[in-house]
Amino acid sequence: MSFLDILINLWESTGIANSVASGANFWQNYVMIGISLVLFYLAIGRGYEPLLLLPIAFGMLIVNIPGGADLLYFEGYTQGAHELTQEQLANGASYGLLYYLYQGVDKVIFPPLIFLGIGAMTDFGPLIANPKSLLLGAAAQLGIFVTFFGAVAIGFKGAAAAAIAIIGGADGPTAIWLTQMLGQKDLLPIIAIAAYSYMALIPIIQPPIMKLLTTKKERSIRMEQPRAVSKREKIIFPILVTALVGLILPSALPLVGMLMLGNLLKESGVTDRLAKTASNELINIVTIMLGVVVGSKAVGPIFLAPTTLFVIVLGLLAFMIGTSGGILMAKIMNLFSKKKINPLIGSAGVSAVPMAARVSQTVGQKEVPDNYLLMHAMGPNVAGVIGSAVAAGLLLAIFGG
């Protein structure tokens, strides 16, 4: 091989040459690189859900460097191929790292493992102390069902509409799990990125809605300290919830069951090592892999399609309606209750734990600095985790056949 041939081969392997070879579509990769830089800024510069957004942004960056996706997945990936052909395999073609990591999403392994870790980090005490919080968590799922009918109205089929609507639960793992289980692989990148992005932007999205739907007097309501919850109650709760969900809606068990297993590991007091592993090493490893592969599915020529805009708008609508649903339910409950509920905690009924509860606290303290709503808000917040998983199970039971 001549020196000139070496130079030519070196040039053809560069991202610049791949940009030129891709023709008119090369700009799409650079748009996605620009979006990844925005996500980097939100994660690092603003501190919005960095554990989620930073791996997603990095996965988005590396696959949109021209030629990167074909190396990290397999040759022909950017042209829409789903697997290597037998001929390619016979000629020595092989799959890349991200292809194998993506099997955790494709085989629906990562989301339940994330729920296991979340369960091991979650204290259901505030929910047990105030069971009415379940109503707030349930009401916050309103956005899912309203958006489902909206998606159907503009032309999405049932399964696709269900996958888009679940963004309203503000729960990335649930959105990924349902989308994959419903076979909506083409929608997975935008649904996952929208879900995680809206989770990260809760401090921006929710406060205007909270202030619009409440009065200063309502935002200033002080709530009584929740009662102490016994260890026995905390042990019985995950077992009871798993049994009830399994009997009524078994399709939700992969998520709810793993959530409750993680919580039981924590609350039982006899499996500290397992609880610590689930809430630290395991969930951290899975979060890295899940974030990178979700971001890596946002390849410019595939991602930048008209459908993407519809999904983004519908997802935001679902999230806003969910936030409103929780607040309005709290206001309705106040009509019949002697012990008033601060409606701000209703916004925490979406599944983003614990950020949504923190936003309730922050907005409340702008009215009354010494009014501490965090523990009250954690009740509907953890109820929202269960609610979004149950809603996903219901949609799967209806459209998964």
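Select L52, which lies in helix 4 (residues 50–64). The model you have open is predicted. Is L52 buried or exposed? Its relative accessibility is 15%, so L52 counts as buried, the cut-off being under 20%. Now show what surrounds L52: leaving aside residues up to four places away in sequence, L52 touches Y196, M199 and T287.

Next, select F124 together with Y73. These two touch the most other members of the largest nonpolar core, which has 118 residues. Which residues does F124 touch, not counting those up to four places away in sequence? They are F237, L259, M260, N263, V382 and I386. Another core, of five residues, lies apart from the largest one; L116, A120, L265 and A275 are among its members. In soluble globular proteins, nonpolar side chains tend to be buried together.

Two packed helices are described by the angle between their axes and the distance between the axes. Helix 12 passes helix 22 in a right-handed crossing. To see the contact, select L142, G143, V146, T147 and A151 on helix 12, then L314, L317, A318, I321, G322 and G325 on helix 22. Sorted by class, this contact has seven nonpolar residues, four polar ones and no charged ones.

At what angle do helix 12 and helix 24 pack? The angle is about 30°, with the axes 10 Å apart. This crossing, too, is right-handed. Here I144, F145 and F148 of helix 12 meet A391, L394, L395 and F399 of helix 24. The contact of helix 12 with helix 24 has seven nonpolar residues, and neither polar nor charged ones.

Last, select helix 23 (residues 355–367), which has 13 residues. From its first C-alpha to its last, helix 23 reaches 19 Å, close to the 18 Å expected at 1.5 Å a residue. Colour its buried residues: M355, A356, A357, V359, S360, Q361, V363 and G364. What covers the buried residues of helix 23? The cover includes helix 15 (188–200), helix 16 (202–213), helix 17 (216–219) and helix 24 (374–399).

Note on methods: Residues are numbered from 1 along each chain as its sequence is written. This is a predicted model: local features need pLDDT of at least 70, side-chain atom pairs count only at pLDDT 80 or more; totals for chains, interfaces and linings use all residues. Side-chain values use heavy atoms; hydrogens and water are left out. A crossing is left-handed if the near helix is turned anticlockwise from the far one by less than a right angle, and right-handed if clockwise. Helices (H or I, at least four residues) and strands (E, at least two) are DSSP runs, numbered from the N terminus. Contact means heavy atoms within 4.5 Å. Ala, Val, Leu, Ile, Met, Phe, Trp, Tyr, Cys and Pro count as nonpolar, Asp, Glu, Lys and Arg as charged, and the others, Gly among them, as polar. Buried means under 20% relative accessible area, exposed over 50%, partly exposed in between (1.4 Å probe, protein chains only). The expected span of a helix is 1.5 Å times one less than its number of residues. A nonpolar core is a set of buried Ala, Val, Leu, Ile, Met, Phe, Trp, Tyr and Cys residues joined through side-chain atoms within 4.5 Å. Axes are lines fitted to C-alpha atoms, for helices over the stretch in contact, and angles run from 0 to 180 degrees between N-to-C directions.
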